[in-house]
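User: I would like to learn how to read the features of a protein model. Please take me through one.

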Amino acid sequence: MMNPTQFQKGKLIQEVWGESCLECDCTEMPNVHLYSLKKEDVAVLTCPTCDFTIVVVEIETLYRSDLKDQLNEDKNKIIATNSAV
């Protein structure tokens, strides 16, 4: 049986990352780090090959049933950046 952290990481990979890296199409699983800040939880998903990173700030939103309705609203945005070294 999966512990809650493993379930949360698996859900993040499935819902946010998908099957491969958006930048380099690497099919390896991303590195996932979860952080608890004062008012919210934050997850950082990083590609092990090219270091492409996605930061998810409102993690609890992924677990609500009305997520599809919220994604259709203009106020929700996904911002992805990549800095090449």
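The turns below go through the sheet, the core, an aromatic pair, a salt bridge and some single residues.

User: What kind of model is this, and how are residues numbered?

Analyst: This is a predicted model, in which local features need pLDDT of at least 70 and side-chain atom pairs count only at pLDDT 80 or more, while totals for chains, interfaces and linings use all residues. Residues are numbered from 1 along each chain as its sequence is written, and side-chain values use heavy atoms, with hydrogens and water left out.

User: How do I read a sheet, and what is the strand order here?

Analyst: Helices (H or I, at least four residues) and strands (E, at least two) are DSSP runs, numbered from the N terminus. Two strands pair if DSSP finds at least two bridges between them. Here three strands form an open sheet in the order 1-2-3, and the pairing is antiparallel. Strand 1 and strand 3 are at the edges with a single partner strand each, so one side of each has no neighbour in the sheet. On average, neighbouring strands are turned by 15° against each other, direction ignored. Such angles are taken between axes, which are lines fitted to C-alpha atoms (for helices over the stretch in contact); angles run from 0 to 180 degrees between N-to-C directions.

User: How many bridges join strand 1 to strand 2?

Analyst: Six bridges join these antiparallel strands, and a hairpin of four residues leads from strand 1 to strand 2. Leu34 stands opposite Ala43 in strand 2, and Tyr35 stands opposite Val42 in strand 2.

User: Which strands does helix 1 touch?

Analyst: Contact means heavy atoms within 4.5 Å. Helix 1 packs on the sheet and touches strand 1, strand 2 and strand 3; the direction of helix 1 makes about 115° with that of strand 1.

User: What is a nonpolar core, and which residues form the largest one?

Analyst: In soluble globular proteins, nonpolar side chains tend to be buried together. A nonpolar core is a set of buried Ala, Val, Leu, Ile, Met, Phe, Trp, Tyr and Cys residues joined through side-chain atoms within 4.5 Å. Buried means under 20% relative accessible area, exposed over 50%, and partly exposed in between (1.4 Å probe, protein chains only). The largest core here has twelve residues: Leu12, Ile13, Trp17, Cys21, Cys26, Val32, Ala43, Leu45, Cys47, Phe52, Ile54 and Val56. Helix 1 (4-17), strand 2 (41-46) and strand 3 (53-56) are the elements that give two or more residues to this core. Helix 1 gives the most, with three residues. Setting aside residues up to four places away in sequence, Val32 touches Lys9, Leu12, Ile13, Val44 and Leu45.

User: How is an aromatic pair described, and how many are there?

Analyst: A pair of aromatic rings is described by the distance of the centres and the angle of the planes. Rings of Phe, Tyr and Trp (its six-membered ring) pair if their centres lie within 6.5 Å; planes under 30 degrees apart count as stacked, over 60 as edge-to-face and the rest as tilted. The count is one aromatic pair. Trp17 and Phe52 form this tilted pair, with 6.1 Å centre to centre and 55° between the planes. Trp17 lies in helix 1 and Phe52 in the loop between strand 2 and strand 3, so the pair ties together parts 35 residues apart in sequence. Both Trp17 and Phe52 are buried.

User: Which side chains meet in a salt bridge?

Analyst: Side chains of opposite charge can pair when their charged atoms come close. A salt bridge is a side-chain nitrogen of Lys or Arg within 4 Å of a carboxyl oxygen of Asp or Glu. The count is one, formed by the side chains of Lys11 and Glu15 at 3.5 Å, N to O. Lys11 and Glu15 are four residues apart in helix 1, so about one helical turn separates them. Glu15 is partly exposed, at 39% relative accessibility.

User: Where is Asp25, and is Asp25 buried or exposed?

Analyst: Asp25 is in the loop between helix 1 and strand 1 (31-36), and is exposed, with a relative accessible area of 56%. Although Asp25 is not a glycine, its phi is positive, about 65°. Asp51, in the loop between strand 2 and strand 3, also has a positive phi, near 65°, without being glycine. Asp51 is exposed, at 53%.
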